[in-house]
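Dear colleague,

I am handing over the structure below, together with a few notes on what turned up when I went through it. Please read them with the coordinates open beside you.

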Amino acid sequence: MRDFRWFFHFPITRIPLIGLLLLSLASGAEPAEPKMGGTLKFVPQADLKILDPIWTSAYITRNHGYMIYDTLFSLDENLKPQPQMVKTWQVSEDGLQYTFTLREGLKFHDGKPVVAEDVVASLKRWGQRDVLGKLLMDFTARLEAIDDKTFRLVLKEPFSLVLEALAKPSGSVPFIMPARIAATPADEQIKETIGSGPFKFVKEEWEPGHRVVYIRNPAYTPRAEPAHSGAGGKRVYVDRVEWIYIPDPATASAALEAGEVDFWENPPIDFVVRLKQNPQITVSIVDPLGTQGVLRPNHLHPPFNNVKARQALLWMVSQEIYMQAAIGDKNFWRTCPGFFICGGPWETDVGSEPLKQQNLEKARQLMKEAGYDGRPVVLMDPTDMPILHVATLVTQQLLTQIGVKVDLQAMDWSTLVSRRAEKKPPEEGGWDLFHTWSVGSDVMNPAVSSASSGACDKAWFGWYCSPRMEELRAEWVRTQDPVRQKQLVEEIQKLAFEEVPYVPFGQWFLPTAYRKDVKGVLQFPAPILWNIWLDR
């Protein structure tokens, strides 16, 4: 196989010093024999309300997807695609035909076998929603089932990222569903949650706003290889996982310290120092790629349908102000004035002058040139997401300073995730601005960056429309020459600074915390709960 490390390469020396220290805390020797049984109580980043990981790219739903669905390929600890549901595959000499064979023992939670028809239907639906999936389908002549165990992908022209696409770890992940469920139109949410993954979703115990329950799937057959990052054998040792939604950080911290919960996905930085001092708790960074903050404007409606208004946001933002307010401890953040994650192989500062020098007067003038008429701008505020809530308050203050009236609308994150799909005008229940974040693997290059896609009505929420951006992105995945790829990345970033699909407001490294008796935690862009056992 080809070496894919160039695709997701992240030099460890770029991680803040405290990140390395935290990583070392989690590297102690584990017991030789994992223990079976018990219930893992996990505090997720948000409340789970949407169950369809293809319909939305929200990370809370992605994390739910990893619990119950499986993937064809996954990334290993060296960030290389490895087979997961696939047993073998062949590539034709001209690179235009890929033939895949599924491994034995794959079953859905309803007892039916996974067949190639399920794979084809799942990939086609994913390819209508995901930014990289859309590119792959644009290059695809045929995707077809040959028999129950074999499917074939035939390309119209070379596409350099086929296996990388099938191993895509975040955003909209190409999870495999039964064909009858995958037949759901891509713009509608699925009605059933049946996967073939290591856990089963217990829908009758789901309490939105409080608890999500999963149980071990006894029919799941893991691969023989040891688990390493998202690849290898997905062995489940606990009998049950309960996601306990605790929106108040102080309550979540107290519950973790008291042993009432076992694992806290994203403790705010303010709580990390105290948690590190507790000998019963491990604090670590399980995703050393880092995270990019995203301020997303709605491109459909005034004022941000005007490019000058979006450019005003660029000159308004000071990444240092956002990071000091939202993260605080300098060891956990850095400024990154570019659209592709800093420290990654495609980092560049071409065109980045606006993010290097805040200029509120220029931002104010650009809003005037955009024809801003004083109407209130609807800014959605996810009050249960501390980092995004603080970033939203910073944006509110800065918008006011450049003469923009702000209608700050408070809601929880799950409500925001649903509402951001609304294309109505802001005064009719739509929106103008919201904040989110992208893990490093979702903004490493032009092919995976959803928020940089200019696919108009098929683009990510906010509906950035740029035929030129789509031409450049397609050329990037078509090109094999690294020198030309670098040139294209610079062209893409220069165009992004001109058209402003979104504004990056900083880069940070999120810690996680769990009890010392929680063993087997794996590094990955998403929290994955297989391989974990309770040493009690």
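A residue is called buried here when its relative accessible area is under 20%, and exposed when that value is over 50%. Please keep in mind that this is a predicted model.

With that cut-off, I begin with the aromatic rings, of which the structure holds 28 pairs. One of them joins Y66 and W530, whose ring centres are 6.4 Å apart and whose planes stand at 55 degrees, so the pair counts as tilted. Because Y66 belongs to helix 3 while W530 lies in the loop between strand 20 (518-519) and strand 21 (533-534), this pair ties together parts that are 464 residues apart in sequence. Both Y66 and W530 are buried. A further tilted pair is formed by F505 and W508, at 5.8 Å centre to centre and with 35 degrees between the planes, and here too F505 and W508 are each buried. Elsewhere, ring pairs link F42, F201, W206, Y214, W243, F263 and Y514 into a cluster.

Two lysines are placed over tryptophan rings. The charged end of K234 sits over the ring of W530, 4.5 Å from its centre, and that of K330 sits over the ring of W333, at 4.6 Å from the centre.

Finally, helix 14 (residues 386-401) may be of use as a check on geometry. At 1.5 Å a residue its 16 residues should span 22 Å, and the C-alpha atoms at its ends are 23 Å apart, which agrees. Within helix 14, the residues I387, L388, A391, T392, V394, T395, L398 and L399 are buried; they cover an arc of only 165 degrees around the axis, which means that they are on the same side of the helix. Q397 and T400, on the other side of helix 14, are exposed. After helix 14 comes G403, which has a positive phi, near 90 degrees.

Technical notes:
Residues are numbered from 1 along each chain as its sequence is written. This is a predicted model: local features need pLDDT of at least 70, side-chain atom pairs count only at pLDDT 80 or more; totals for chains, interfaces and linings use all residues. Side-chain values use heavy atoms; hydrogens and water are left out. Rings of Phe, Tyr and Trp (its six-membered ring) pair if their centres lie within 6.5 Å; planes under 30 degrees apart count as stacked, over 60 as edge-to-face and the rest as tilted. Helices (H or I, at least four residues) and strands (E, at least two) are DSSP runs, numbered from the N terminus. Buried means under 20% relative accessible area, exposed over 50%, partly exposed in between (1.4 Å probe, protein chains only). A charge sits over a ring if NZ of Lys or CZ of Arg is within 6 Å of the ring centre and within 35 degrees of the ring normal. The expected span of a helix is 1.5 Å times one less than its number of residues. The arc is that of the directions from the helix axis to the C-beta atoms.
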